[in-house]
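Subject: Handover of the two-chain model

Hello,

Here is the structure I said I would pass on. My notes follow below it.

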Amino acid sequence: MITEQIKEISIYEAEKLQSMFLKEMQSGETFILDMRLVEKIDMVGIQLLLSLSKSLEEKEQRIEFINVSDAMLHEIKISHCDVALGLG
Amino acid sequence: MEEEVEIFLEDCEDQLGLMEGALVSIQDSGVDADSIGTIFRAMHTIKGSAGMFGYDNIVKFAHAGENLLDAAREGLIEVNEEMVDLFLQCKDYLEHLIEVEIREEEMESSQKSLGENLVKALISYMPGEKPLEKSEDLGQIKEPSMSEEEILRWHISIRFHKDFFTTGMSIHSIFNFLNKIGKVIINQPILYHIPLLEALNPLHPYIGFEILFEADLPYEEIEEVFEFIIDDVDLMIFEHTDEESLSQLIASRKEDLLSQTLLDAQFYTEIETVDVSEEKTEEIKKSLPEVNKPEELEILENEKTESKTVTKSTGAPKVSSSLRVDATKIDLLINYMSEIVIANSKIITLSEELDNSELDEASSRMRELLEVVREGIMDIRMVQVGDSFAKFRRIVNDTAKKIGKNVEFIITGGETELDKTVVERISDPLVHMLRNSIDHGIEEPSDRIKAGKSSKGRVDLRAYTDSGTIVIEIEDDGKGLDKNRILAKAIENGLISSTATLSDAEIYKLIFEAGLSTAEKVSDISGRGVGMDVVRRNIEDLRGSIDITSALGKGSKITIRLPLTLASIDGFLVQVGHTKYIIPLESIQECIELTQEELEGMKGNEFINLRGDMLPLMDVRVVLNEEKSESARKNIVIVRFGEKIVGLLVDELLGEHQTVIKPLGDAFVNVTGISGGSILGSGEVALIFDIARLIEYKI
């Protein structure tokens with residue numbers, strides 16, 4: 001589980017998050033992403049999550065989002081990527 | 001404010017300016033298709049941009065205006081005077097609405113009602129339309145004439161160029177806007193190209209979208225939704241029923257396995273691909289970009305089909321004649337430039353001290369180049385005053401109309417350039433003076449006829465450059481200033497003593513004193529004596545001067561002189577006592593030596609005979625309380641401001657100096673004739689003369 005407090009999943013944080021996710025993936029456990037503090041998500045962030053999801057699927061792992069706020073869910077739904085992320 | 005929002009605001013200001021200009025032009029010269037087109041495009045652009053940022057209220061309001069303008073463009077309605085007034089009110093309301101939306105504030109209820117009433121009024125002019133009832137939702141953006149059966153469905157296919165994410169544009173805004181102007185039935189993200197996390201470049205877009213969109217809108221309007229990102233995406237828009245375009249899309253995006261995706265997503269119940277020849281497919285494919293390879297794009301002009309399919313792309317770099325730059329970036333550049341100029345002055349000083357010819361040559365070359373760069377940077381800040389002046393047309397018209405006067409307003413010299421900051425800061429004082437001219441200068445039509453004048457008054461606003469300054473004149477052919485009345489009022493208010501002897505120019509200038517108004521009637525436009533002193537102060541703050549001439553019964557002329565820029569000047573360095581001073585080069589007429597003979601000939605008088613004319617002299621040492629000079633030589637720098645000439649008595653002439661103006665602290669506020677400071681190469685501070693103030697002080 002990602003323990004670092006993530007406030008935004010956006011273009012500004014994408015590279016840092018990518019490294020963090022890659023590290024976490026190596027643990028082999030169910031990937032849990034706590035979205036409690038996330039206040040901003042953009043298309044770069046959504047694409048990053050889709051890539052993460054794809055990578056986990058490849059390893060027969062899965063991603064679990066917890067504490068997704070309505071506002072963040074709304075942002076993801078606008079692009080209709082919620083289904084692909086298992087949030088639909 | 002975020003940069004994008006600032007750009008949006010600037011865009012809106014530009015568009016509102018165009019709108020107002022076109023409306024005033026209709027008021028002046030009658031309705032013409034160009035003006036209607038300009039107003040329509042302005043309204044449409046504001047609507048489109050606002051939609052991108054999710055400012056729904058702006059979109060709704062602008063849409064109502066746009067509809068009526070579209071009807072006017074199509075010749076379905078005739079634009080009359082009332083409608084022009086209505087559009088002017090709409091422009092003002094829109095301006096306020098934009099401010100409120102940007103500040104994320106709640107609109108006051110009175111303004112809300114105004115907006116609703118304006119929309120009602122707009123709709124009431126629509127052909128065959130009844131005004132909207134208050135309870136109706138004004139936000140329903142649908143063409144009234146279209147029925148349900150006629151609603152069009154569009155297929156929008158979008159892929160992003162490699163740098164799309166770094167452009168700062170948000171695809172979410174596009175999706176939101178599509179939902180405002182119509183309905184997104186299906187939005188199918190295309191995910192095949194998204195790589196595994198290890199291979200992902202997070203800043204590159206791999207995702208794409210296939211959208212089924214329902215809207216009673218023509219193709220052009222849908223395409224315009226993508227206006228701001230059109231150069232950064234690969235876009236195809238076509239009617240849902242257009243099989244040929246669908247086939248082309250599928251052929252061109254073969255690797256996306258689109259057929260199955262579109263069927264799975266229920267875009268289509270079946271896909272019968274129209275036979276697209278191998279060659280044509282290849283041609284289309286080549287012309288469309290692979291994701292992340294924007295350099296391969298080409299505009300498929302000849303592939304635009306009758307069914308309104310478009311492929312927008314950017315093979316060749318788009319050449320734009322202008323670039324919008326944040327003014328603060330230019331200010332920053334000017335600041336750095338200033339520091340470089342100061343640092344180079346230091347090098348020049350050192351090279352002189354070291355007597356090193358090579359260093360001297362290099363530093364001189366550097367100085368020349370810096371001068372070129374400095375001029376270039378300063379030039380970026382220069383804008384034509386005409387754009388700012390054009391908005392005064394409406395103010396003049398409105399003011400004249402309000403008080404029942406007939407005024408012809410003539411602008412000349414609009415192409416004159418001035419620093420943007422100066423233009424912005426001079427705007428309010430000019431508005432104030434124009435209103436005064438109309439309210440108090442121009443007579444009532446009946447009085448004008450009695451005075452043997454045309455019933456229509458005339459106000460001229462001119463701009464031109466003169467000796468490195470810009471001159472702005474406001475001249476009217478009204479009743480002129482009554483100097484006896486001004487004098488009496490000034491004595492009554494204690495501004496001057498009853499025994500004071502003043503020249504005409506000095507009497508007229510009294511109208512710029514606080515609390516002096518000679519207006520017989522106080523109107524809501526002017527006449528309270530509040531404002532003209534503020535006008536003068538604003539102009540003086542800009543290192544400018546203001547003068548007034550007048551002839552009773554014939555009119556008045558206000559002349560404002562302003563420096564072209566506030567950031568730097570070409571200066572001439574002189575020394576008085578132990579202090580160095582800079583005189584703006586453009587104000588210097590000549591430098592002469594004051595011989596011992598002339599000095600003795602002066603016999604204590606403060607003027608000399610210069611080639612037969614009397615030249616008033618000002619001993620800077622005395623005025624600024626400098627120590628007595630040990631220099632045997634005395635020099636006179638003859639300076640001019642407007643029509644006035646004075647000789648400044650200084651000790652030494654040190655030569656030209658590129659002067660970067662640094663503001664002085666409050667301690668210098670009351671020092672006569674000093675407008676700023678500059679740092680010399682030696683690290684010393686030189687004070688910059690304010691020639692206008694010095695001359696005023698002397699004369």
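How many residues does the contact take from chain A, and how many from chain B? It takes 23 from chain A and 21 from chain B, where two residues are in contact if their C-beta atoms, placed from the backbone, lie within 7 Å. This is a predicted model, in which local features need pLDDT of at least 70, side-chain atom pairs count only at pLDDT 80 or more, and totals for chains, interfaces and linings use all residues. Residues are numbered from 1 along each chain as its sequence is written, and chains are lettered from A and ligands numbered from 1 in the order in which they are written.

The side of chain A that touches chain B

Helix 1 (14–25), helix 2 (43–58) and helix 3 (70–78) of chain A each supply at least two residues of the side that touches chain B. Helices (H or I, at least four residues) and strands (E, at least two) are DSSP runs, numbered from the N terminus. Helix 2 of chain A gives the largest share, 10 residues. By class, that side of chain A has 12 nonpolar, six polar and five charged residues. Here Ala, Val, Leu, Ile, Met, Phe, Trp, Tyr, Cys and Pro count as nonpolar, Asp, Glu, Lys and Arg as charged, and the others, Gly among them, as polar.

Helix 1 of chain A also packs with helix 2 of chain A, at an angle of about 15 degrees and with the axes 11 Å apart. Axes are lines fitted to C-alpha atoms, for helices over the stretch in contact, and angles run from 0 to 180 degrees between N-to-C directions. The two helices are therefore roughly parallel (angles under 35 degrees count as roughly parallel, over 145 as roughly antiparallel, 65 to 115 as roughly perpendicular and the rest as oblique). Their crossing is right-handed; a crossing is left-handed if the near helix is turned anticlockwise from the far one by less than a right angle, and right-handed if clockwise. Residues of helix 1 of chain A in this contact include A:Leu17 and A:Phe21, and those of helix 2 of chain A include A:Leu48 and A:Leu52. The contact has eight nonpolar, three polar and no charged residues.

Chain B overall

Chain B comes to 21 helices and 21 strands.

Sheets and hairpins in chain B

Four strands of chain B form an open sheet in the order 2-3-1-4, with antiparallel pairing; two strands pair if DSSP finds at least two bridges between them. Strand 2 (183–190) and strand 4 (233–239) are the edge strands, each pairing on one side only. The twist averages 15 degrees from one strand to the next. Strand 1 (residues 152–160) is joined to strand 4 by seven bridges, and B:Arg159 stands opposite B:Asp234 of strand 4. Helix 6 (residues 171–181) lies across strand 2 and strand 3 (208–215), running at about 155 degrees to strand 2.

Further along, strand 11 (residues 555–563) of chain B has seven of its nine residues buried. Strand 11 pairs in the antiparallel sense with strand 9 (residues 469–476) over eight bridges, and with strand 10 (residues 545–551) over seven bridges. B:Lys557 is the bridge partner of B:Glu475, while B:Arg561 stands opposite B:Ser545. The hairpin of strands 10 and 11 has three residues between the strands, and B:Gly553 there takes a positive phi near 85 degrees.

Another hairpin, of strands 15 and 16 of chain B, has two residues between the strands, and B:Arg611 in the turn has a positive phi of about 45 degrees.

Two other places in chain B

Helix 13 (residues 385–402) and helix 14 (residues 420–441) of chain B have axes that come within 10 Å and cross at roughly 30 degrees. That angle makes them roughly parallel.

B:Glu104 lies in the loop between helix 4 (81–102) and helix 5 (109–124) of chain B. B:Glu104 is exposed because 7 other C-beta atoms lie within 10 Å.

Regards

Conventions:
Buried ≥ 20, exposed ≤ 12 C-beta atoms within 10 Å, placed from the backbone.
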